[in-house]
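Here is a friendly walk through a structure, in questions and answers. Take a look at it before reading on.

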Amino acid sequence: MSSHHVVREKQEPALLVLGLERFSDELLGQLLEWSPTVIVTQDTAEKIHAYGIKIDWIIADEANDDLQSDIKFMPAGAGSLTETALKYLVTHGYPAVNIITDNLELREYFFFTDKINMVIFHDNQKIYAVTPGFSKWKPAGEIIELLSAPVQFHLSGLEMVEHNRYKTTHDGFFSLEFEQPFLFIAEEL
C-alpha cells in the first residue's frame, strides 16, 4: 500500500527570488522541496533556469519567453519589483512567501507585514516580522538581531552582546514585548 501526499496550490510558501549572489544552493533546494510558485526578476531568471528550476512568473516590463515555456509575465509597473510581487501574492490569496534578496530595503516590506507571512533570506540571515508577545524556542548561544527600533522594549531569555544584537542565554524560549505593531528580527542561518 502506498501513501500519496497531495500538495494543494498555495499550501506552501511562494518563492520570490530577487537576488542570489550570496545564497546557498542547499538552502535553495530546501525552499523548493514542495514545488512552490516561483517568481523571479529578469536578473535572476537565467540563473534559476540554469539550475533547472521551473519558473512560474517573471517580473518584467518586456516579455522574454526564450527561457522556458508557460512562463507568465508580471509587469513591474511603477512600484519596486518587491512591491509588485507582494501585491500579486496578497491579491491572489497566498498566505506566505520566502524571499531571497541581495539588497535589503525593509521599508518595502512594512505595508505587507499584516497581509502575508514573509521570511526574507539576506546575507546569511533569516529575517521576519514579529508581533508583541513573540516567543520562540532556541538553543543557548544563538544570535538574534533587532532590525527595527523597538518602543517600550522588554525581553527575556536574551542578553545584549552589542547594539541591537542579543544572544540566547539558555536552551529554551526567549520572548519579546514591545509597543508597536511589529518588529523585524534576524536569526543567523
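Contact here means heavy atoms within 4.5 Å.

Q: Leaving aside its neighbours within four places in sequence, which residues is I99 in contact with?
A: This is a predicted model, and I99 belongs to its largest nonpolar core, where I39, L89, V97, I99 and Y109 touch the most other members. Leaving aside neighbours within four places in sequence, the contacts of I99 are L16, L18, L86, Y109, M118, V119, I120 and F121.

Q: Which element gives the largest share of this core?
A: The core has 24 residues. β1 (14-17), β3 (57-59), α3 (81-91), β5 (96-100), β6 (117-122) and β14 (183-188) each supply at least two of its residues. With 4 residues, the largest share comes from α3.

Q: How confident is the predictor, and over which residues is the pLDDT below 50?
A: The mean pLDDT of the protein is 91, and 93% of its residues reach 70 or more. Where pLDDT is low, the predicted coordinates should not be read in detail. The stretch with pLDDT below 50 has 3 contacts in the model beyond near neighbours in sequence, and it covers residues 1-7.

Q: Which strands stand at the edges of the open sheet of 3 strands?
A: The order in this sheet is β8-β13-β10, with antiparallel pairing. Each edge strand has a single partner strand, so one side of it is left without a neighbour in the sheet; these strands are β8 (134-138) and β10 (154-156).

Q: What is the bridge partner of H154 in β13?
A: Strand β13 covers residues 172-177 and pairs with β10 in the antiparallel sense over 3 bridges. In β13, H154 has as its bridge partner E177.

Q: Which residue takes a positive phi in the hairpin of β11 and β12?
A: Strand β11 (residues 158-162) runs antiparallel to β12 (residues 165-168), and 4 bridges join them. One of the bridged pairs is E159 with K167. The hairpin has 2 residues between the strands, and the positive phi, near 65°, belongs to N164.

Q: Is S35 buried or exposed?
A: Most residues other than glycine have a negative phi. Yet phi of S35 is near 50°, and S35 lies in the loop between α1 (25-31) and β2 (38-41). Since exposed means over 50%, a relative accessibility of 65% makes S35 exposed.

Q: What is the relative accessibility of Q152, which also has a positive phi?
A: Q152 sits in the loop between β9 (143-146) and β10, with a phi near 50°. Q152 counts as exposed, at a relative accessibility of 54%.

Terms used
Residues numbered from 1 in each chain as written. Predicted model: local features only at pLDDT ≥ 70, side-chain atom pairs only at ≥ 80, totals over all residues. Heavy atoms only, no water. Pairing = 2+ DSSP bridges. Core = buried A, V, L, I, M, F, W, Y, C linked by side-chain atoms within 4.5 Å. Buried < 20%, exposed > 50% of the residue type's maximum accessible area, 1.4 Å probe, protein only. pLDDT = per-residue confidence, 0-100.
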